[in-house]
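Subject: Structure handover

Hello,

Here is the structure I said I would pass on. My notes on it follow below.

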Amino acid sequence: MASSQFHCLQSVRVSSASRLFISTSFDHGRVNFKRNSNCLVYASTNNLNRDHHPQSKVDTVLDSIKWDDKGLAVALAQNVDTGAILMQGFANREAVATTISSRKATFYSRSRSMLWTKGETSNNFINVHDIFLDCDRDSIIYLGKPDGPTCHTGAETCYYTSLIDLLEDQQSGYKFPLTTLNSLESTIAKRKGELDVPQTGKPSWTRRLLLDEKLLCSKIREEADELCRTLEENEDMSRTASEMGDVLYHSMVLLALKDGKIEDVLEILRQRFSQSGIEEKRSRKTQG
């Protein structure tokens with residue numbers, strides 16, 4: 001990836017209606033970068049770009065990180081919605097300072113001895129929402145939302161090879177380390193992809209739901225009612241969890257029929273964190 005080294009960092013705050021036009025820059029969305037021999041200038045209208053952090057506070061935090069003898073720490077990038085580990089690189093002090101200011105995951109290339117921002121050449125930036133340090137303060141997580149595939153192979157994440165499969169001599173191709181919800185979604189998507197193929201073996205309930213929209217909708221209503229009754233009839237928590245699982249499963253089948261992904265839902269929920277539920281419902285009526 002094209003990148004350049006620099007020795008100072010300047011944060012420029014601009015209004016939402018303005019842009020910073022620079023002759024030698026690369027643009028992504030509402031973010032403009034300019035690099036020259038010794039400085040990076042940054043301007044953003046992103047809502048997530050909070051008020052500029054005082055340099056003294058940034059320095060104090062960066063001083064607390066246990067950099068190795070080369071001034072580096074391991075830096076992981078994680079999807080804020082799915083929890084997927086996207087990639088691993090290394091970061092130095094300048095890389096983390098740049099990430100704090102630009103909200104774009106920035107690393108340090110050991111082979112080229114320079115900073116690089118993920119997405120500079122591919123436009124698949126990782127938009128950082130938060131940065132976490134581990135308990136020993138010697139490794140970093142950039143928690144963010146990727147604009148596209150992270151791996152240079154075109155895969156969503158660089159982690160797609162199962163060690164267990166290798167030990168058992170299995171050729172699994174891309175096999176992502178999925179959370180429970182994402183594993184369920186993957187199974188539902190597989191059943192959907194098999195609808196045109198004659199069914200063999202034991203009957204599939206997911207397949208039946210995918211082929212019968214009326215049955216699917218009736219099951220979602222039925223399971224939602226049963227979930228409510230666990231509260232109304234004071235049933236124990238295990239029963240509530242079971243019924244909640246049924247609601248989630250059947251709702252995810254409907255989501256698959258609409259060509260949606262659970263990540264879309266999680267992103268919407270995340271965006272509502274800072275908004276009152278009452279205000280959010282009012283805004284729906286206004287938009288309608």
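Which residues do ring pairs link into a cluster? They are Phe 107, Trp 116 and Tyr 142.

Before the rest, a word on the basis of these notes. The model is predicted, so local features need pLDDT of at least 70 and side-chain atom pairs count only at pLDDT 80 or more, while totals for chains, interfaces and linings use all residues. Residues are numbered from 1 along each chain as its sequence is written, and side-chain values use heavy atoms, with hydrogens and water left out.

Aromatic rings

A search of the whole structure gives two aromatic pairs. Rings of Phe, Tyr and Trp (its six-membered ring) pair if their centres lie within 6.5 Å; planes under 30 degrees apart count as stacked, over 60 as edge-to-face and the rest as tilted. The centres of the Phe 107 and Tyr 142 rings are 5.4 Å apart and their planes stand at 65°, so this pair is edge-to-face. Phe 107 belongs to strand β7 and Tyr 142 to strand β10, so the pair ties together parts that are 35 residues apart in sequence. Helices (H or I, at least four residues) and strands (E, at least two) are DSSP runs, numbered from the N terminus. Both Phe 107 and Tyr 142 are buried; buried means under 20% relative accessible area, exposed over 50%, and partly exposed in between (1.4 Å probe, protein chains only).

One ring also has a charge over it: the charged end of Lys 104 sits over the ring of Phe 125, 5.2 Å from its centre. The rule here is NZ of Lys or CZ of Arg within 6 Å of the ring centre and within 35 degrees of the ring normal.

Nonpolar cores

A nonpolar core is a set of buried Ala, Val, Leu, Ile, Met, Phe, Trp, Tyr and Cys residues joined through side-chain atoms within 4.5 Å. The largest one has 23 residues, and Phe 107, Ile 140 and Tyr 142 touch the most other members. Elements that each supply at least two residues of this core include α1 (55-64), β5 (73-79), β6 (85-91) and β10 (139-146). The largest share, four residues, comes from β6. Another core lies apart from it, with 11 residues, among them Leu 209, Leu 215, Leu 216 and Val 253.

Salt bridges

There are 13 salt bridges in the structure, each a side-chain nitrogen of Lys or Arg within 4 Å of a carboxyl oxygen of Asp or Glu. Lys 145 takes part in one with Asp 81, where the closest N and O atoms are 2.7 Å apart. This pair links distant parts of the chain: Lys 145 is in strand β10 and Asp 81 in the loop between β5 and β6, 64 residues apart. Lys 145 is buried, at a relative accessible area of 13%, and Asp 81 counts as buried at 9%.

Lys 145 also meets Glu 263 in a salt bridge (2.7 Å, N to O). Glu 263 lies in helix α8 (residues 262-271) and Lys 145 in strand β10, so this pair ties together parts that are 118 residues apart in sequence. Glu 263, like Lys 145, is buried.

Where do Lys 192 and Asp 259 lie? Lys 192 is in helix α4 (residues 180-193) and Asp 259 in the loop between α7 (237-257) and α8, so the pair ties together parts that are 67 residues apart in sequence. Their side chains meet in a salt bridge (2.5 Å, N to O). Lys 192 is partly exposed, at 27% relative accessibility, and Asp 259 is exposed, at 62%. Elsewhere, salt bridges that share partners join Asp 81, Lys 145, Glu 263, Glu 267 and Arg 270 into one network.

Asn 127

Asn 127 is in strand β9 and counts as buried at 14% relative accessibility. Leaving aside neighbours within four places in sequence, Asn 127 is in contact (heavy atoms within 4.5 Å) with Arg 103, Lys 104, Leu 143, Gly 144, Lys 145 and Asp 147.

Cysteines

How many disulfides are there? The count is zero, a disulfide being a pair of cysteine sulfur atoms within 2.5 Å. Cys 151 is in none, and the nearest cysteine sulfur, that of Cys 158, is 3.9 Å away. Cys 151 is buried, at 7% relative accessibility, whereas Cys 158 is partly exposed, with a relative accessible area of 36%.

Regards
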